[in-house]
Amino acid sequence: MQRLALVALSQQLLCVFALCVSSENCLPKYNTSSSRSERALNVHIVAHTHDDAGWLKTVDQYYYGSNQNIQLAGVQYILDTAVAALAANPDRKFIYAEMAFFTRWWAEQTDRTQQLVKRLVADGQLDFVNGGWVQHDEAAAHYVAMIDQTTRGHQFLQETFNYTPTVGWQVDPFGHSATQASLLSGLLGFDSLFFGRADYQDMAKRRERKEFEILWRGAQSFGDAADVFTSNWPTGSYGPPAYFNWDWGSQDTPIQDDVCLDEYNVEDRIDDFVRTCRELANVTRGSDIMLTMGTDFQYSNAFVWFKNLDKLIHHANLDGRVNVFYSTPAAYTAAKHAYNVSWPLKTDDFFPYADCPTCYWTGYFTSRPTSKRFIREGTAFLQAARQLELLAPPAERGGSQTLTINPGQTASLTGGGGAAAGLIRGAHLPGTDALEEAVALLQHHDSITGTEKQHVANDYHRRLARGWAEAGQLLTAALAERVVALTRAGRGLGVTIYNPLAWPRTEGVRVPVSLETVDDWALTDDTGAPVSAQLLPASRATRALQAALAAANALPDPAAAGTHELAFVATLPPLGYATYSLQPCSAKDHSIALRAGNAVTELSTSAVWYNASDAKGPPPSNDWAPPSGAYIFRPNGEFGSGAPMHVRIVEGPLLTEVHQEFLGWATATTRIWRGADDLEVEWTAGPLPFQDGRGRELVLRYESTLDTGREFFTDSNGREMLRRVRDWRPTWDLDVTEPVAGNFYPVTSAIYVEEPGKGALVVVTDRAQGGASLASGAVELMLHRRMLLDDWRGVAEPLNETQCGCSACDCDGLITRGVHRVLLQDTKEGAIARRTLQQRANDPLILTFGRLPDRRDQRLNPLRGAGSTPGARPLGGKGSGARDGGSMRGNPAPDPPIPIDMPGYTFLTDRGGLPRNVALTTLKDEGGGRVLLRLAHLYQFGEDAGELAGDAEVDLNALFADLAFDEAEELALSASRPLSTVKQLRWRAGARPVISVVPLTTLVSGTMAISKVVVTVMLALPVVVLCRSLLADNYKAALNGASVVPNPVNTRETGTATFNFNRRTIRQSDVDYRVDLSRFEGVLSVQLKYGGLGYVDKNAGVSDLLAYLYGPSNTSPTGPITGTLRRDQLTGGLSGKTINNLQDDVNSRMIYILVTTRNNPQGALRGQVVRGG
């Protein structure tokens, strides 16, 4: 300190006596080359920007810097000037996280700039953290989507820079999940995880114990294999220390170190800085601290920041009290790891998050529920579209037909052929990249959370809709309009249902129909056999929703609203489809089953709404406090009806429906399918009233007689179930200030309560929602929210969703609809049923529809007979009262149904599918003969005592009916690098819980040539494998008369044949061949036959003939014989088989070429086909 003062004084005297003319004579040259020291408090300066991929502005507006009246932000300028500033000083470092922006910027750069950036990355000046497409949310995002968006970013970085991040950087999400720690950090290969936000009470307790840096074990199932060093900044923020924000436009004082100026302030600034560093060091462990120098959309003029940081480093190091240097989170992590000490162990999560006693950020668990469902549907459709993109062969040429398809609702495919040909097999799927990008973008923590401005939400939805359309999709309303329009016109309907799960599946299906011009409908399967079905009247809630859609111009034809639903049970093979046809017919029986009253069940359901608080705090003080808003849930009262206002029950042989109307804007239809273990509760919420000036937050409450106390369980991003206890936290004594909001947790997929030894009440959701158990035996889930006020957390706009897509307008509120699947199960079997339901909910059936010809169009379908099809059962009638009840009819003579020309089909070899404890989470064509495959073990430690908790083996080359692989390599979770190259830091934990440690070895590391790939999927673990098929395998055959295969002949003529097995789309779909015959005349045919050394052709070349490559013909070829052999050309023993099977026989040396001539009709030349050539 004294030394610095003396230096400054001497400089000032020099300035006075020398009569400085230019300040350049008084400015020091900055030394920024310092590095870590063992003898000082090391201050790691991390220059960064946090760039939200949409929030107050759209992602485009943020990138280009438009709409600046909302927020000053332009990402392109951040990256432009940051790169230039790094190039100006090799000591400087900068980190970046969001690939959604960086990839766009990268594509705009010149080759020269790209080479500069590659050098900066290689030198460690530009470092990437997290590296996902976005910084995903950790409450509402499903783990499959979290992995996908991370993969998209990591693969770009690996392909572009040969680099994959080693540090997790979740600085802005509003709470942190156990899955983020275990799966998306530890198993991803990260050495550390950094974030800003945590509960204010939690942080106060950890400040006392110096536990802001911990070892986080997010999943017991992994033992310590997925532990991750975790740093939560003591400020609760990811920004710079107070008064050290030097972004352009900031009010903080820069370092003014020209001693010739009156406002010289080096000593004051360094004193403030050292004091800040010491305060931080006092609440953390060790001699290293990290300062995040930057925050939202900073460094638009990076030179301003870096010039002040250069000065800070130079002058602070001259002062000598701290050692300051440019650093990165990875370097900071390495410094902490070098301590070789034990770190406090955390085994729960960081939910819920509160930043003040009345500020629980639990509202966003539900905010914008329709958007949350749209995103989840988009995620599900992306997985299915990828499957079909890989597994379905290209569409045949010919006439095309437009069809509709959707996970549970709607979509579109274009295929060729007859009435339903090309629907699944033979369909051409456009690329899925646009949908993948949209789904990745919408995992952002200001998108799927529902915490963005309304115009940004609209932009997100447009992007998802465009991506969906490019993958062959129409929007939700298009399905109901298109299907009902066909049925209103009395036209037949082809229905194909695709199952994206790799398990067989039996599930109830409902199709909207109309009875305006048709008496009844008959349903048959693809063999023409009748299928039991039930006609149900549309509920009042459904009719009201259709009217609202029509009023909002969401239905092109307002009259195209279904009056009924056709319900039936579909049985589907794994990763395959089944087909049905729906035809108009005449009805005889018009019986009705309808009664009103309360159903007697073991479960009661009620709708309750919380009044959203205003800006007054709790009594008696009533001080200002944040109201409920997009982020915060703060109710000040509970209202609603305990029992439904109106109930009606519709009974039938397949299912019973209970229609409950709790409020004018809250209804539920409970479906009880025959033989099903679960109840399907379809809820409809909205428009939430607004006219009385009260915000509303609607929940659906399920109450049972189970004695569950204060304990309940919620899922973590669809993975492990976590124990929750009302009014309690595992790591600190909770001061209960918000008894309702403080007990809500994120429910991404499931919530349950259980009474040991008696039973469990399980609810599986179709989107992320906030959930709680506020009473023993009860579960409640928040369905919808509508606010009058903003909650002061930055979005500056009330959460007021309307049917017009605006927030500050006089439009009706948005209506949202969804499904809960409810189980009342024995505790021993609850996990099995729940895990299965979770998979069904996350990967719903995909329904496809196509028009069938009527009698006037018989010529369009050659399979249709002239008479009626016996046994077809009609499904309903249009007679008196038929629109109020559901029934099974008799068996009159219907109009003959037309079977769809497509058999049921599975893309798997085994119709039993994968083991029940293994899920297929990713199947994607990566191009170049590569397939990305992810398998996930579904069960967690202690969840099942039987075989489901054990390891499962999957032979990848025996899994798919039409795929075979030559090589396989196990990858890290984000599929950016081989697992064998991941070298993670290992950390020492403090007190360890007693659990079983599960080894991570699941596949022989490295690339291997294979005929069989057996993957062992272990408890709770994901397995990621990159399978490769060679794009072209070359084979040859030397043709001569002396060949030993078989029956040689005496001839001097020779020839050659070459074969190229093509796998342009990984399916081994064809074989290019060329046959050269020298000095040969009178060729009748060239045959591909089965046979090998010592094989005797006993049947004169008939039974073992596999294909003709030429002929039979009476005209000899005039040159080389060339062509392409396809699967459908194979005959004999390979009839109905694949090119895979042909190649297997070739590799076994059991395929040969036979050339017949006029002189030797039984065979003149022969040659064994062998690899090579």
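Predicted model: local features only at pLDDT ≥ 70, side-chain atom pairs only at ≥ 80, totals over all residues.
1. Let's start with the helices. Helix 3 (residues 75–88) packs against helix 4 (residues 99–108) at an angle of about 65°, and their axes lie 10 Å apart. Angles of 65 to 115 degrees count as roughly perpendicular, and helix 3 and helix 4 are therefore roughly perpendicular to each other. Their crossing is right-handed.

2. Next comes an open sheet of five strands, with mixed pairing and the order 4-5-7-6-11. Strand 4 (167–169) and strand 11 (345–346) are its edges, each pairing on one side only. Within the sheet, strand 5 (residues 192–195) and strand 7 (residues 228–232) run parallel and are joined by four bridges. S192 stands opposite F229 in strand 7.

3. Strand 20 (residues 576–585) deserves a look too: 10 of its 10 residues are buried. One side carries G576, A578, Y580, L582 and P584, the other Y577, T579, S581, Q583 and C585, and both faces are covered.

4. Which strands pair with strand 20? Strand 15 (residues 492–499) runs antiparallel to strand 20, with seven bridges, and L493 stands opposite L582. Strand 17 (residues 520–525) is also antiparallel to strand 20, with six bridges; here T524 faces S581. Strand 38 (residues 905–906) pairs with strand 20 in the antiparallel sense over two bridges, with G576 opposite T906.

Methods: Residues numbered from 1 in each chain as written. Heavy atoms only, no water. Axes fitted to C-alpha atoms, helices over the stretch in contact; angles between N-to-C directions. Parallel < 35°, antiparallel > 145°, perpendicular 65-115°, else oblique. Left-handed = near helix turned anticlockwise from the far one by under 90°. Pairing = 2+ DSSP bridges. Buried < 20%, exposed > 50% of the residue type's maximum accessible area, 1.4 Å probe, protein only.
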